[in-house]
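Subject: Structure handover

Hello,

Please find the structure below, with the sequence. My notes follow it.

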Amino acid sequence: MLRRTILSALISALALVAPASAADTPGVTATEIKIGHTNPYSGPASAYGTIGKVITAFFKKLNDEGGVNGRKINFISVDDGYTPPKTVEMVRRLVEQDQVAFVFNTLGTPTNSAIHKYMNQQKVPQLFVATGATKWGDPQHFPWTMGWQPTYQAEGHIYAQYVLKNVPNAKIGILYQNDDYGKDYVKGLKDALGDNAKKIIVMEQTYEVTDPTVDSQIVNLKNSGANVFYNVTIPKFAVQAIKKAHDVGWKPLHLLNSVSSSVGVVLKPAGLEASKDIITARYLKDVTDPQWKNDAGYKDWLAFMQKYYPDGSTVDDFNVYGYTVAQGLVQVLKQCGNDLSRANIMKQAASLKDLTLPMLLPGIKVNTSATDFYPIEQEQLAKFDGERWVNFGELFDASKK
Amino acid sequence: MTARARGIVVAVALATALALPLFVSNFRLFQFTQVAVYAIALLGLNMLTGYNGQISLGHGAFYALGAYTTAIMIDHWNVPYPLTIVTAGVLCLVVGFLFGIPALRLEGLYLALATFALALAIPQILKYFEHWTGGSQGIVLSKPNPPWGLTLSPDQWLYYFTLAILVALFVLARNLLAGRTGRAIVAIRDNPIAAQAMGVNTALYKSLTFGVSAAYTGVAGALSAVVIAFVAPDAFNVFLSITFLTGVVIGGLASISGAIFGALFIQFVPNWAQDISKAAPWAIYGIFLIGFMYVMPFGIAGAIRRLAARAAHRGTAARA
């Protein structure tokens, strides 16, 4: 009898001592958090592969420094080749077989769409997904999924705010890719223009990804008398649009979506002279910009790259992106403390308050709440001076009207 | 192999397949369901390539057509999924037959190129008809629950459902290929002029083979839409068509069981390759591929057939 009493006392004491949550969540032990990730290391979208590598390198550094709250990160990153069926298979492997606590920064819109329902049925967090679509911030219907970067619509909001404030008698001509990506950008602009949209937008032109050129669209836009050009194109067509507008002597205020803001891939081929004065929106520090040379955040990033990811390019925005999103996750895990249940991971991800990260542009703050699943919503406009992007003006916040 | 020995092998394989859900997790079962889906597609392609000698690099297009038929019917009209799979099969039969008619003029590598064009075009075509196909975002479906109050998990149900279709289609293929029709199809491959001289209507048989082959692949695509519960253009790129051809050759040309071996290969070997080396998974995959072709030039099914023949020969020799 006595033995049994002692035993039960011991058991209840143990139950009090042991962190209940750590035992409940798959992938979480006293010393480790297992996190899953999919990324296209092969296939047509493999340029994104470096994001997975830089995140892996970042967690290596984190573990070397002792991990988060005494737990090391076990980051399992697998290749899905940007094919949705493979993503489903790999994510099911991660969740059901490897028993990860959650998946993080899975890359691509179609690939994330394929697992969207599954993650929410399984109630496994699908955290900070790497896509600019708008549907990831829908806590009412998908409480286990959260985006990260500013959405295409948010960027559209920002351009609209700029035009409303700075361009009297604006007449906007739009060129956009006829798919979800293009429509998201246009919807963002129209939503923020509000009732004025019908009056201000004088022409909309579309193209298909399969079209050979967008020359005739540019001529039409010029003839419409538009004085603002909202250019929602992927790099190949952005080059054509910039060139053609320059050739036909159309000089509107040129708003270029950030998808095509690469100096090397778009502006140089289009012609630096033709690209002058184009405006785009940014939220990460541009590592090619000399103004960050002595910036502490940039120097830390560079030192990290040299030590933990020496093969990686130090002029590639993706390596800044991966580094920054991983830092965002670390903050979430820190806030979780010892309660690493999936519900609490989601709750803490939705409780980021004015978080600043070293490679975000100064002043940008990450904010989330139970109803706001869009972490980064601020961007700053930058103007191309013929050599590089020069940030100007104040920060825009897409969440404000 | 004698008919009796073959019967025993088939029975054992079937029993193993039926008992599998008792031993493996839902995730593994999902993978084996995909193997069954691939096996149906490979069998379809094998009829065309292995038996009839026409090379297609575009069967991914029929797979996509089947998948989208199912997805659109479920998403837009709420049609029950078994019905959509039948529709997908019939539609692909017709489209495949029609594609087969002009393709008759194209022999060997020229046909391969024409079908390759089909595979290249399909993702863009799917994005073009955005209203129906959901564009690059694709269509999200719900995973079906087991009917009639069966106490199976959705994964177990889909496994049995796919397995049943697989068995039915394999039996059908066997009956088709073992008889008169099958001999005509093979005769066209081996010597089209002689076949014609024997009274085989080569044009009709070639088109029909193309149609049936497309129908099998279409059914597989339809099943994949149900199993994955999602379709998007990125799932049906050129690589898929090439993967199918790889599976057919690795499994064994002109062999029905080869489709299953080929399906196991294309499902699991890329994963193993990734487990071995994350840096160069496709290099490892390539080594596997070359290794298989070197050791088993007639595919896995061919190698097994040879081993069985050798064993049987030894058996008779010992008895004599």
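Chain B has an average pLDDT of 87, and 98% of its residues score at least 70. This is a predicted model, and its overall scores are ipTM 0.80 and pTM 0.81.

Interface between the chains

On the chain A side, 24 residues are in contact with 23 residues of chain B. Three elements of chain A each supply at least two residues to the side that touches chain B: β2 (72–79), α4 (84–97) and α5 (109–122). The largest share comes from α4(A), with eight residues. Sorted by class, this side of chain A holds nine charged, eight nonpolar and seven polar residues.

Domains of chain A

Chain A is split into domain 1 (19–150 + 295–370) and domain 2 (152–282 + 381–397). Taken over C-alpha atoms, the centres of domain 1 of chain A and domain 2 of chain A are 31 Å apart. Seven residues from domain 1 of chain A and nine residues from domain 2 of chain A make up the contact. The side of domain 1 of chain A that touches domain 2 of chain A consists of four nonpolar and three polar residues, with no charged ones.

The sheet in chain A

Four strands of chain A form an open sheet with parallel pairing, in the order β2-β1-β3-β4. The edges are taken by β2 and β4 (126–127) of chain A; each has a single partner strand, so one side of each is left without a neighbour in the sheet. The strand β2 of chain A also supplies at least two residues of the side of chain A that touches chain B. At the other end of the strand order, strand β3 (residues 102–104) of chain A pairs with β4(A) in the parallel sense over two bridges. Within β4(A), Leu127(A) is the residue that stands opposite Phe104(A).

Gly49(A)

Gly49(A) lies in helix α3 (residues 49–64) of chain A. Apart from neighbours within four places in sequence, Gly49(A) is in contact with Asn39(A), Pro40(A) and Tyr41(A). Further along the chain, Leu107(A) is 58 residues from Gly49(A), and the C-alpha atoms of Gly49(A) and Leu107(A) are separated by 9.3 Å.

Regards

Technical notes
Residues numbered from 1 in each chain as written. Chains lettered and ligands numbered in written order. Predicted model: local features only at pLDDT ≥ 70, side-chain atom pairs only at ≥ 80, totals over all residues. Contact = placed C-beta atoms within 7 Å. Nonpolar A, V, L, I, M, F, W, Y, C, P; charged D, E, K, R; others polar. pLDDT = per-residue confidence, 0-100. Domains from an automatic or database assignment. Pairing = 2+ DSSP bridges.
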